[in-house]
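Thanks for coming, everyone. Please put the structure up on the screen.

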Amino acid sequence: MSEALLTLPPYIKVALPVPMRTLFDYKVPKAIALRHELKPGMRVKVPFGKSSRLGVIVALSDTCDWDPEQVKPLTSLQDESPVITAELMALCEWAARYYHHPIGDVIFHALPVLLRKGENAEFRTENWWFTTPQGQSLDLEQLSRAPRQQDFLKAVQQHPNGLSQHAASVLDLAPAAGKSLEEKGLLRREPRSFNKGGEKHAHQTQVPPTLNPEQMRATEHLLDYRHQFNVSLLDGVTGSGKTEVFLRVMERLIEEGKQVLVMVPEIGLTPQTLKRFEIRFNTDIVLMHSNMSDRERLDAWLLAASGHAKIIIGTRSAAFIPAPNLGMIVIDEEHDTSYKQHEGFRYHARDLAIKRAQTLNVPVLLASATPSYESLTNALQKRFAWLKLRQRAGNAHIPEMERVDLRGKSLVHGFSEQALASMKLCLERKEQVLVFLNRRGYAPTLMCHQCGWIAACDHCDVNLTVHKRANKLHCHHCDTQKALLHTCPECQSEELFTVGEGTEQIETQLSTLFKDVPILRIDRDSTQRKSAMAKLTQKIHEHDQAILIGTQMLAKGHHFPNVTLVIIMDADAGLFSSDFRGMERTAQLITQVAGRAGRAKKPGHVLLQTYHPDHAAIESLCNLGYEHFAIDGLAERKSLALPPFYHQVIVRAESGNEQEAMQLLSAMRNDLEPHFAKEVYLVGPYAAIIVRKAGQHRALISIKAANRAPLHQATQMISDWLELSTRQHRIRFAIDVDPLETY
Ligand code: ADP
Ligand code: ZN
Ligand code: ZN
């Protein structure tokens with residue numbers, strides 16, 4: 001031990017969750033150094049200012065950057081082994097550099113919430129019930145006068161490997177009955193660490209379908225390259241059997257003892273997807289998404305970190321999940337923008353996953369029916385293998401897309417006559433219609449007929465959305481909510497009316513047009529509660545005839561076999577966006593929604609309602625399909641020097657004061673621009689499209705370069721400059737590398 005003390009460096013460099021782009025030095029007290037082996041990735045309590053903070057050791061060091069006299073000792077050590085493995089520490093350090101984000105914030109982001117708060121990184125224990133020999137042989141009839149005990153004992157008898165308390169409560173068994181049986185010596189209880197699992201789902205075996213030649217080719221490629229870093233883009237039309245392909249590859253890797261991380265979009269993890277994995281794999285699967293409690297997330301994290309969980313299915317933050325035997329990362333719906341964090345630490349989970357896989361020398365599979373322009377470019381330039389599936393799997397066919405010209409037509413609740421007639425026919429055939437409108441709520445605007453007053457958010461430059469069901473006005477930008485008004489606050493008139501339609505309104509109106517048809521709305525409002533989505537999808541499967549109304553939530557990953565008609569109410573919605581990615585997003589959304597039609601045996605049909613049927617984009621998308629559309633779009637991006645051909649960084653500033661953010665960015669540009677490399681282009685500062693959001697006035701500046709190095713250098717200078725000059729002001733700034741939003 002004394003030897004360890006001699007060789008142990010006297011300082012540690014600690015990352016703290018504070019908005020400063022630096023590490024903090026602390027001394028290691030002898031008492032701690034004698035008893036513990038400190039390692040990077042362990043958590044420590046340290047004094048910070050007048051309080052104490054939890055931090056993570058990033059490095060042990062012989063030197064410190066401060067006057068050694070002033071360096072304080074750490075207070076206590078929180079872990080016996082690192083919670084951030086060496087591999088993840090390297091990833092965090094890379095991400096902090098690449099995204100110009102404070103290292104402390106990055107490292108804390110990588111940890112589950114409970115570990116950020118100091119919880120022990122240990123499995124909780126749970127009680128398990130077992131029968132005693134008497135209990136196992138007891139005739140249940142003898143308990144006929146105590147039916148709850150009878151039920152309880154029967155259940156445990158049927159589980160020779162024990163029944164967890166959790167499983168007992170799922171089965172609705174009365175805890176008091178268990179205790180009585182224990183007192184009678186018929187049952188015993190044993191605490192078990194949660195990780196023992198053992199409660200595998202009754203494994204339903206299912207014969208997997210025979211792969212078609214396209215699927216076979218893709219699978220063979222992926223199997224051939226499964227032991228080394230490489231990225232494949234599995235580019236397959238909706239319903240072409242992409243999932244089937246990666247399930248095959250996963251099977252093989254899991255047989256080889258590997259873990260597989262499957263990333264899914266924020267709201268794309270459908271109960272159906274999970275079911276499919278459970279049916280296929282007789283192994284521990286853990287989930288990691290935002291709809292879980294903090295404890296559930298820590299349990300999942302521990303199961304992955306211990307290697308027990310072979311399959312980890314998670315959203316964006318799962319990119320940082322520890323997995324000692326990670327053998328592959330799958331990113332499903334790789335084009336989805338929810339992989340990019342839009343505030344704070346603005347990383348892209350896909351890009352991070354690729355970096356991680358490269359370090360680990362394992363493959364990455366990106367799957368999508370509508371690949372991002374970034375990934376398509378990588379495929380075109382042969383950095384990614386491009387695996388195409390152009391046929392739908394099984395007997396399903398690609399749906400036909402038809403434009404409905406709305407010009408000069410009379411509309412009923414936003415529907416053309418043609419759309420209504422097709423709906424009627426579809427429902428008569430006992431099939432389902434999907435109506436897509438990417439706007440939730442009842443209406444986007446509330447207006448006064450007498451004076452023209454419009455209900456606007458007090459904190460943002462936007463109108464409030466009317467939610468009739470909840471009787472509220474709601475700001476979709478800052479979440480402000482108010483009671484729905486019935487008199488105008490300006491002129492006291494009671495003639496308030498709504499303008500425009502949202503999903504809630506369409507739902508109400510369709511229920512008057514189609515009285516006996518079940519109508520199900522799927523959007524963020526209708527699926528807030530935990531199991532709401534599962535219930536809704538179950539309902540959809542129960543009925544033959546139905547109308548589904550939804551926002552983009554409906555476009556993600558669902559498989560509704562009886563949907564044969566899709567109506568896109570407003571195909572023009574993203575056509576004239578000021579963002580250069582507007583077209584890409586529109587095409588992806590339309591293609592994904594259209595892909596919900598005809599996924600089983602019955603053919604599908606898609607109607608796009610538009611006022612611009614001859615618009616080149618709508619025309620090319622309908623006639624030539626997404627790939628063609630995207631390749632044209634890429635040519636345009638290239639000619640305009642836009643991403644992915646140029647790399648971009650957006651610097652945002654926001655302040656409560658109207659001019660401050662703009663002035664700050666101007667001053668920054670004036671000071672720094674002369675020092676930037678010639679190939680760095682700046683645009684701005686310019687005001688955000690919604691200038692004021694949550695009371696903050698927002699300005700941006702865009703920086704572009706064909707190469708990463710000069711862009712990175714310029715961004716570093718900007719970051720240093722802003723950190724210094726915002727210390728005195730109450731201006732917040734953010735650096736967004738590879739931004740998806742540029743306004
Ligand atoms: P994607 O992920 O491309 O949307 P899926 O893998 O979900 O496609 O497949 C769509 C449907 O077709 C699923 O119900 C799946 O079970 C089925 N399927 C996939 N491959 C085949 C195949 N080779 N033969 C028959 N059915 C298949
Ligand atoms: Zn008025
Ligand atoms: Zn607001």
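The site of the zinc ion (ligand 2) is tetrahedral, with angles of 105 to 112 degrees among its four donor atoms. Four donors count as tetrahedral if all angles lie between 85 and 135 degrees. For comparison, the ideal angle for four tetrahedral donors is 109.5 degrees.

A word on the source: this is a predicted model, where local features need pLDDT of at least 70, side-chain atom pairs count only at pLDDT 80 or more, and totals for chains, interfaces and linings use all residues. Residues are numbered from 1 along each chain as its sequence is written, chains are lettered from A and ligands numbered from 1 in the order in which they are written, and side-chain values use heavy atoms, with hydrogens and water left out.

Which atoms are the protein donors of the zinc ion? They are the SG atoms of Cys-448, Cys-451, Cys-488 and Cys-491, 2.2 to 2.3 Å from the zinc ion. A donor here is an N, O or S atom within 2.8 Å of the metal (3.2 Å for Na, K and Ca). Along the chain, the donors follow the spacing C-x2-C-x36-C-x2-C.

Is Cys-488 buried or exposed? Cys-488 is buried, at a relative accessible area of 1%. Cys-491 is partly exposed, at 31%. The cut-offs are under 20% for buried, over 50% for exposed, and partly exposed in between, using a 1.4 Å probe and protein chains only.

A cavity is a set of points on a 1 Å grid, over the protein atoms alone, where a 1.4 Å probe fits but cannot get out; lining residues have an atom within 4 Å of a point. There are two cavities of 30 Å³ or more.

Where does the largest cavity lie? Domain 3 (207-389) and domain 4 (400-440 + 502-636) both give residues to its lining, so it lies between them. Those bounds come from an automatic or database domain assignment.

The second largest cavity has a volume of about 50 Å³. Helix H19 (582-594) and helix H20 (616-624) are the elements that give two or more residues to its lining. H19 gives the largest share, four residues. Helices are DSSP runs (H or I, at least four residues), numbered from the N terminus. Among the lining residues of this cavity are Met-583, Ile-590, Leu-621 and Phe-629.

Definitions and conventions
Four donors count as tetrahedral if all angles lie between 85 and 135 degrees; four count as square planar and six as octahedral if opposite donors are over 155 degrees apart and all others between 65 and 115; anything else is irregular. On a 1 Å grid over the protein atoms alone, a cavity is a set of points where a 1.4 Å probe fits but cannot get out, and a pocket is an open set with protein on both sides within 12 Å along at least five of seven lines; lining residues have an atom within 4 Å of a point. Grid points are joined across faces, edges and corners, and a volume is the space filled by probe spheres set on the points.
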